[in-house]
Amino acid sequence: MALNNKNAEKQDNNSSAQAANQNISRKTAENKKTKTEKALTILTWGSIFLIWYVITRLGIFTPTLLPGPARVWKAFLRILENGYNGVPIWVHLGASFKRLFVAIFFAISTAVPLGLLSGYFDKIEAVLDSVVEFYRPLPPLAYYTLLILWFGIDDTSKQILLFLAAFAPIYIACVSAVRKLNQDFVLSAKSLGANQKDVFLKIVLPASLPEIFTGIRTAFGVAYTTLVSSEMVAATSGIGWMVLDASNFLKSDVIFVGIIIMGITGVIIDAGLRFLERKIIFWKGHI
Amino acid sequence: MTAQAKKESLIKINNLSLEYGESINSTLALKKIDLEINKGEFICVLGPSGCGKSSLLKCIAGYIKPTSGRVLMQGEEVDGPDWHRGVVFQSPTLYPWMTVNENVEFGPKMRDLPKAEIKDIREYFLNEVNLSGAGENYTFELSGGMKQRVAIARVLANYPQVVLMDEPFGALDALTRENMQNLIRNIWEENNTTIFFITHDVDEALLLANRVVVMSKQPGEIIEIFNVNFTNQIFEKGSKEVIYNEDYFEVKNEIMDIIHNQID
């Protein structure tokens, strides 16, 4: 290969001068919330707490049905200190999250390759797609009873349930990502000498990442909802079970604590996922 | 040019026709195309939009199979895309998850060249498109013209036998386009590349090509082929003054007449 068929020095001066003139700008993070928007969000939550406080103060409902903020706070501190029914809150949260993360892990590691392959090869899609389309609209609790019969009442059946709930959104996101793929990416890669495997791993997979991530976030949402309901149906531990058990004894302050914990952990998980998304798919929106 | 004197045939298109769609609703996109691309040539294909210029390029690249006829490259039939025929698209299809360096290295990496050689090639061609300083940037940080230059460097990094370009400067502003035309002319002269270039801009074709192929509207047929050498004159003199010459106007008017007759 002849790299030396030109006057390298002349070219060097030329290009460095040019490069200096080119204004290359690295964009800073976009859509940062303005001060007013932040203030509005804080104000909203302030008023929710205020209304809650006023209603309980007026005594419209008995504290047994609607506990005030102070009572819920006390219940929270009590649970933090002594746990619920003698079991620390971390154990309950840990039990729930173990089910959730095991299921999500297996869902991601199967749904991503299967979904991408389905989008890429019509024959694989012909095998998988109708099955996924059939069970996807079913409420997970509908087949949970069967799973309990087959796999017992403990963690296995719950993990399989959550796996099934999380699989469909990720799978569908992957299929659609490959379908929407800019074909010129694939063609240009082939014209640059990439074989089928390289095209799949170096082009199709990264180009699909933005949609895969959206699918994973949806899957987390679905799995989390399913997790809590499955723990309410049959369990002896977990945050969902804690809420159900508290409702049996009319401990509404504990119910409130449980719901608030679920909400906050949900927000934290999603924030974590969005953080990962920004780090991994820094080029999102530039495709 | 020495390469033209030899006239070593690189690609032969024999009686190529292309139909889109099923039997009843089919449209004939290309009709009986015969064309020979020689080593070291700069061929520009001109024609009204929708005349099948891009389809012809896709047939040569191996992206679509002609309905009848054949594309032969050095005697062998083209069967799918490969790295001997590099393609530059109208919109640069750079991979946004890779840096400029990684984009340019993509082809040589796919061919498992040794690391040191990949680095040399990358540096040489980034230099060639005047982007040596931009290697660590991501492609979405570049302007349109810079992106297209990276795309050209990425294709050249494979030392393809022929570079197929599908209106590569069509989306660029007039000033950038002129710079790009000079750039691609210099690269062609210096590296003895073979270029097959599609455009709808008569001036662009005349300023770059040493053969201009004029195509008819649908179904696309080759009407006439002009041998010109304005590009060599521009390269030698370093200025575009040839465009004020009598013979430049003559050829341009002739081509314009053919194209206008097609549109009416």
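**Sheet in chain B**

I started with the open sheet in chain B of this predicted model. I traced six strands in the order S6-S7-S8-S3-S9-S10, and the pairing is mixed.

Then I picked out one pair. S3 (residues 42–46) and S8 (residues 195–199) of chain B run in the parallel sense and share five bridges. In this pair I found B:Val45 opposite B:Ile198 of S8(B).

What lies across S6 and S7 of chain B? I found helix H5 (residues 144–156) of chain B there, with S7 spanning 162–166. H5(B) runs at about 175° to S6(B).

**Helix pair in chain A**

I moved on to H4 (residues 89–120) and H10 (residues 239–248) of chain A, whose axes come within 7 Å and cross at roughly 125°. I noted H4(A) as oblique to H10(A) because of that angle. Which residues make the contact? On H4(A) I listed A:His92, A:Leu93 and A:Ser96; on H10(A), A:Ile239, A:Gly240 and A:Met242. Sorting them by class gave me three nonpolar, three polar and no charged residues.

**Annotated span in chain A**

I looked up the UniProt record too: an unreviewed entry annotates residues 93–273 of chain A as "domain: ABC transmembrane type-1". In the model, I get 88% helix and 0% strand for that span. The C-alpha atoms at the ends of residues 93–273 of chain A lie 19 Å apart.

Key: Residues numbered from 1 in each chain as written. Chains lettered and ligands numbered in written order. Predicted model: local features only at pLDDT ≥ 70, side-chain atom pairs only at ≥ 80, totals over all residues. Axes fitted to C-alpha atoms, helices over the stretch in contact; angles between N-to-C directions. Helix = DSSP H or I, 4+ residues; strand = E, 2+ residues; numbered from the N terminus. Parallel < 35°, antiparallel > 145°, perpendicular 65-115°, else oblique. Contact = placed C-beta atoms within 7 Å. Nonpolar A, V, L, I, M, F, W, Y, C, P; charged D, E, K, R; others polar. UniProt positions renumbered as here; feature names shortened; annotations may be inferred. Pairing = 2+ DSSP bridges.
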